Amino acid sequence: MFRIAFIDRGLLATGLVTGRVLRTITIACVLALLLVGLACPRANGDVGVVLNESLDTSLDRITGTGHSAVYFSRVCPDSPVRLRLCGPGEHGSVMSNYINIGEDQSFEWNIVPLNVYLYGVEDIQNRPIVGSYKIKHVLEERYRKNYLSSLCAGAPCMNSYKSEWREMVAATLIRSLYIFVIDTTEEQDRKLIAEFNDSPNQNHFNGVTRNCADFTRRVINNYFPNATRPDYLNDFGMTSPKAVARSFTRYALRHPESNLRVLHFAQVPGTIKRSREVRAGTEQLYRSKKFLVPMVLFADYALPVTAGSYLLTGRFNPGREFERHPAVQGVPPQDKQSGTVTPEERTRVVGTPKDWKEYRKAFDSMVIENIQEDVIDNRGDLKRFFKHFDERGTPSVDEQGLLWMETSVNGQCAKVGLSASNVLARDSDPKLAHQLLLTRIDRVLRSPKHSREPMFEFVQDWATLQSASEKRTLTLARNASNEKGLKGTPRQDGGDD
């Protein structure tokens, strides 16, 4: 089952945590994640509704509906178009369909490993810590070569950025998402695998009656009949991703034994425009000025109906459900009723306004110190860093999934790690790594709730930043010592330096 590791609450006294303790925290978190991945299989698996936030592209810019997909913890891809039970150490998968996946054959759905869907790499330790289209395209090409070679040999599939299989690689680089999860049995998972492997995988996408939310509804209802429903009133006769997530959540709350948990994966900070919160049809009309003003001017009679429909029957806040039902580590489902999360557990995952305020205050002091130490010239450097860094650099990914950026600094070549596991590696430029992590922390602390990573992840980021600061200090001291030694070395011609 998919679980989340977290940090001890007592370590959130932000300004008082030392670098040594923070490094210990980071190591502990990595070990916890490894232990979770290598744990023995449980009697229960998971199935979940994936609610992807809205992108500022195409029709989504107007509708704000986002995208829907399905998460499995015990079903894995035998290939992108065939299912099997997961083996030891595998973390599950995400299945989705699109208007046009773009492969050589017109498939209805593809399935990818969970970490590939979220981060573009198999090992969560190698997840990217900065996002840009350059970086995402590198990860997409790696996925195509490793997973799609037999399905994507034609030029349109290989070269077109409109091929929608690309959206299933490193989704968190372009948007935030939520996963609403409940328990399943192995028998249910085997039944789904048999049904989808034996059925034709042929695309019949229709935006009104067979869209991505309809596909998710079909899969979830295969496990739990009538667990997900459309909201024809608020979505004008169609099924929307938000309606599926809302009805699934309500089903889980009516069945406490299902053990509802909600996971939140924030969009990776970088140069890609931030995704927007998902909206239902009437909600978009009610909240969006570009629709509200024309309605007031030309269809004012419909405004009360639209507002009333949304306010009375269509309200649903994914972020609030995450705060109420966060996935926590170390509590077996059979020992806890659905939704019963202690305040301490919730704080470890979500954080409190006070915690976030303390981190912002500590970061402000850190920025002042870094300006004094010439790490950055001013606070504005943090706003411009990602853009200039991406424009000058060339990203690459190695066989293990480690991301690197080669760039130029003051006319000299430099390389810095872009993954959580290599940003502080020996070959990663310490000053660039420090600036990169400073900018990442700055973006997270300035993000609204729906775009901000959970507290337990942020604490790990903070620990990494502290380690980067110490590494740079040691590097400067070592270089100064070497220069001093060279100055004190007698010249062979007997002269003075």
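Met 238 lies in the loop that connects helix H7 (212-223) with helix H8 (241-254); helices here are DSSP runs of H or I of at least four residues, numbered from the N terminus. The model is a predicted one, in which local features need pLDDT of at least 70 and side-chain atom pairs count only at pLDDT 80 or more, whereas totals for chains, interfaces and linings use all residues. Residues are numbered from 1 along each chain as its sequence is written, and side-chain values use heavy atoms, with hydrogens and water left out.

With a relative accessible area of 32%, Met 238 is partly exposed, a class that lies between buried (under 20%) and exposed (over 50%), for a 1.4 Å probe and protein chains only. When residues up to four places away in sequence are not counted, Met 238 touches Gly 207, Val 208, Pro 230, Asp 231 and Tyr 232, contact meaning heavy atoms within 4.5 Å. The C-alpha atoms of Met 238 and Asn 211 are 8.8 Å apart, at a sequence separation of 27 residues.

The structure holds 15 aromatic pairs, defined by ring centres of Phe, Tyr and Trp (its six-membered ring) within 6.5 Å and classed as stacked (planes under 30 degrees apart), edge-to-face (over 60) or tilted (the rest). One of these, between Phe 224 and Tyr 251, is tilted, with 5.8 Å from centre to centre and 45° between the planes. Phe 224 belongs to the loop between H7 and H8 and Tyr 251 to helix H8, so the pair links parts of the chain 27 residues apart. Phe 224 is buried at 12% relative accessibility, and Tyr 251 is buried with a relative accessible area of 12%. Ring pairs join Phe 72, Tyr 223, Phe 224 and Tyr 251 into a cluster.

Helix H7 packs against helix H6 (residues 186-198) at an angle of about 135°, with the axes 9 Å apart. Axes are lines fitted to C-alpha atoms, for helices over the stretch in contact, and angles run from 0 to 180 degrees between N-to-C directions. H6 and H7 are therefore oblique to each other, the class left after roughly parallel (under 35 degrees), roughly antiparallel (over 145) and roughly perpendicular (65 to 115). The contact involves residues of H6 including Leu 192 and Phe 196, and residues of H7 including Phe 215 and Val 219.

The axes of helix H15 (residues 380-392) and helix H16 (residues 430-446) come within 9 Å and cross at roughly 120°, which makes H15 oblique to H16.

Terms used
Helices (H or I, at least four residues) and strands (E, at least two) are DSSP runs, numbered from the N terminus.
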